[in-house]
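Please keep the sequence and the structure in view while reading.

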Amino acid sequence: MSNKLPPPRPAPRLYLATPVVDDPASLVKELPGLLAAADVAAVLVRLKETDQRTMISRIKQLAPVVQNAGAALLVDGHAELVARGGADGAHLAGIAALEEAMSSLKPDRIAGVGDLATRHDSMSAGEMGADYVLFGEPDAQGQRPSSQAIAERLDWWAELFEPPCVGFAISFEEAHDFAASGADFVLVGDVIWADPRGPKAALAEADAAIKKAYAALPAGQG
């Protein structure tokens with residue numbers, strides 16, 4: 001019987017959600033500095049709903065900026081626009097959307113999924129080949145589980161399943177706690193863009209919070 005410790009899991013990384021993008025010009029200027037200020041694995045682009053041609057154009061403006069910084073660009077929904085816009089993948093809401101999108105995204109692009117109300121839904125997403133599962137995002141009414149419930153779901157997933165899990169954090173405290181609970185990535189959005197210090201300072205604080213959580217994990221976990 002081996003007494004070796006299990007290999008440490010990789011340090012969690014940030015996943016940055018943009019504000020709703022109408023005119024991407026200011027974001028194109030701002031993103032390089034932001035992505036240089038913290039360890040951001042991916043950027044989730046939330047597009048303002050309009051015609052497909054315009055949305056594709058906006059993805060094309062943002063994709064190289066993100067990708068040149070070493071991060072992946074994912075589109076919130078709209079899996080049908082991913083390849084045409086040069087994005088790396090899409091984030092889908094729910095099992096039905098994931099199932100519908102898999103043929104257009106796989107095997108070359110990322111298919112992430114949230115809006116998973118039950119553990120069964122989460123396991124179904126994993127079995128379908130989702131590249132990550134997201135826990136903790138608000139529903140259409142702006143309601144979300146408690147921080148403790150989200151942390152427990154992350155801990156459950158990280159303990160039992162191989163695909164990465166993502167915690168949706170609305171505060172720096174949640175970013176810390178979700179990283180400590182086993183999140184492979186921590187999704188941050190409004191907490192970054194609404195910070196009075198500016199998004200760069202906020203992103204650096206979120207990065208520091210998840211690194212602190214990881215450093216404090218017991219041997220064999222971090």
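What kind of interaction do the side chains of K106 and D131 meet in? In this predicted model, the two side chains form a salt bridge, with an N to O distance of 2.5 Å. This pair joins distant parts of the chain, K106 and D131 being 25 residues apart.

**The K106–D131 pair**
- K106 is placed in the loop between helix 4 (95–105) and strand 5 (110–114), whereas D131 is placed in the loop between helix 5 (119–128) and strand 6 (132–135).
- K106 has a relative accessible area of 28% and is therefore partly exposed, given that this class lies between the 20% and 50% cut-offs.
- D131 is likewise partly exposed, with a relative accessible area of 28%.

**Other salt bridges**
- Side chains of opposite charge can pair when their charged atoms come close.
- The count of salt bridges comes to 9, and the pairs described here are among them.
- D39 forms a salt bridge with R13, in which the closest N and O atoms are 2.8 Å apart.
- That pair links distant parts of the chain, with D39 in the loop between helix 1 (25–37) and strand 2 (40–47) and R13 in strand 1 (residues 13–21), 26 residues apart.
- D39 is partly exposed at 26% relative accessibility, and R13 is partly exposed at 30%.
- R144 and E174 also meet through their side chains in a salt bridge, at 3.0 Å from N to O.
- Here, too, distant parts of the chain are linked, since R144 belongs to the loop between strand 6 and helix 6 (147–160) and E174 to helix 7 (residues 172–180), 30 residues apart.
- E174 has a relative accessible area of 6% and so counts as buried, which requires a value under 20%.
- D22, K48 and R58 are connected to one another in a network of salt bridges.

**The surroundings of V186**
- V186 lies in strand 8 (residues 185–188), and V186 is buried, with a relative accessible area of 0%.
- Leaving aside residues up to four places away in sequence, V186 touches R13, L14, Y15, V166, G167, A169, A175, A179 and I210.
- One of these contacts, G167, is 19 residues from V186 in sequence, yet the C-alpha atoms of the two residues are 4.9 Å apart in space.
- R13, another residue that V186 touches, is also the salt-bridge partner of D39.

Conventions
Residues are numbered from 1 along each chain as its sequence is written. This is a predicted model: local features need pLDDT of at least 70, side-chain atom pairs count only at pLDDT 80 or more; totals for chains, interfaces and linings use all residues. Side-chain values use heavy atoms; hydrogens and water are left out. Helices (H or I, at least four residues) and strands (E, at least two) are DSSP runs, numbered from the N terminus. Buried means under 20% relative accessible area, exposed over 50%, partly exposed in between (1.4 Å probe, protein chains only). Contact means heavy atoms within 4.5 Å. A salt bridge is a side-chain nitrogen of Lys or Arg within 4 Å of a carboxyl oxygen of Asp or Glu.
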